[in-house]
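Reader: I'm new to this one and a bit lost in it. Could you pick out the aromatic rings and take me through them slowly, and then show me how the helices around them pack?

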Amino acid sequence: MRRVVRGFWGPREESVEAVAGRWKLMLDRLAGLLPAPGAGGTWSQVRESGPATDLGTDEASLLAALKVQQQEARYGSDGAGLYLVTKDGQGWEIEARGLAGGASEFLFNSMVIGIKSPEGADVPDAELLTAVAEVWGPDFGDVTDDDVLDALGDNGFGVGAPGVGWVGYLSPGRAALLPDGLTSARKELAGGGVLLDIAPRGDAGAVVRACVQLRDAGALEPLPRPMDRPAL
């Protein structure tokens, strides 16, 4: 069983040191929520060339890895990113892929966490999306899977378009546009924005209906292109 926890935002230039600090916070939050990194599991860094190598979760190690990636990146305005993976040998596999600190007018900054869990395992979806929202301050985010993404794509919500999964996050500007008729449970998060409990996992139809309702209310309006701000 696999799901993805995602957050996206527009141009927000940050130093590589600031990005390393956010990565440290993110991995600490994951260690408290999921078994693999919290039970002695190690993270490995995946790069475009060469084998994966173990990477420490201390801020100095993360900063060094980000600086190397930034030097290898083709476009300096894209920020700095890492792609990390971990597994525990008991059915848990986690990958964290992020690109942040960039000021590109066309490429989103993002954090995407893929989670493969054993059948029947309890995965704290809302808490995971809360962690992404509070650490990275995205414009929008969700918890979803391939079936939900396919259903959204079939209904006009293409790749990169703002949307929600069975759990969703909207930045303060988007949350201000939530329609009164939306019945999903809402939770205000530290730093602003709202977490939405949209539907049970697997109910793709309910997710699509919620996205249509949010889009009609303007809460899923895309950022202008070229993008000139991190959030709506």
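Author: Let's start with Phe 140, which counts as buried because its relative accessible area is 3%. Buried here means under 20% relative accessible area, exposed means over 50%, and partly exposed is anything in between, using a 1.4 Å probe and protein chains only. Keep in mind that this is a predicted model, where local features need pLDDT of at least 70 and side-chain atom pairs count only at pLDDT 80 or more, while totals for chains, interfaces and linings use all residues. Residues are numbered from 1 along each chain as its sequence is written, and side-chain values use heavy atoms, with hydrogens and water left out.

Now for the rings. Rings of Phe, Tyr and Trp (its six-membered ring) pair up if their centres lie within 6.5 Å; planes under 30 degrees apart are stacked, over 60 edge-to-face, and the rest tilted. By this rule there are five aromatic pairs. One of them joins Trp 23 and Trp 136: the ring centres are 6.0 Å apart and the planes sit at 80°, so that pair is edge-to-face. Since Trp 23 is in helix H1 and Trp 136 in helix H4, the pair ties together parts that are 113 residues apart in sequence. (Helices, H or I with at least four residues, and strands, E with at least two, are DSSP runs numbered from the N terminus.) Trp 23 is buried at a relative accessible area of 1%, and Trp 136 is buried too, at 1%.

Back to Phe 140: its ring and that of Phe 108 have centres 5.8 Å apart and planes at 85°, so this pair is edge-to-face. Phe 108 lies in the loop between strand S5 (93-100) and strand S6 (109-116), and Phe 140 in strand S7 (residues 140-144), so the pair ties together parts 32 residues apart in sequence. Phe 108 is buried, at 15%.

Phe 8 belongs to strand S1 (residues 2-9) and is buried, with a relative accessible area of 15%. Leaving aside residues up to four places away in sequence, Phe 8 touches Phe 108, Asn 109, Ser 110, Val 112, Pro 138, Asp 139 and Phe 140; contact means heavy atoms within 4.5 Å. Phe 8 and Leu 99 are 91 residues apart along the chain, with 9.6 Å between their C-alpha atoms.

H1 (residues 16-33) and H4 (residues 125-136) pack at an angle of about 165°, with axes 10 Å apart. Axes are lines fitted to C-alpha atoms, for helices over the stretch in contact, and angles run from 0 to 180 degrees between N-to-C directions. H1 and H4 are therefore roughly antiparallel: under 35 degrees counts as roughly parallel, over 145 as roughly antiparallel, 65 to 115 as roughly perpendicular, and the rest as oblique. Among the residues that meet are Val 19, Trp 23 and Leu 30 from H1 and Leu 128, Ala 131 and Trp 136 from H4. By class, this contact of H1 with H4 has eleven nonpolar, one polar and four charged residues. Ala, Val, Leu, Ile, Met, Phe, Trp, Tyr, Cys and Pro count as nonpolar, Asp, Glu, Lys and Arg as charged, and the others, Gly among them, as polar.

Not counting residues up to four places away in sequence, Leu 33 touches Pro 124, Glu 127, Leu 128 and Ala 131.

H1 has another partner. H1 and H3 (residues 59-72) pack at about 130°, with their axes 9 Å apart, and are therefore oblique to each other. The residues in contact include Trp 23 and Leu 27 of H1, along with Leu 62 and Leu 66 of H3. Sorted by class, the contact of H1 with H3 has eight nonpolar, two polar and four charged residues.
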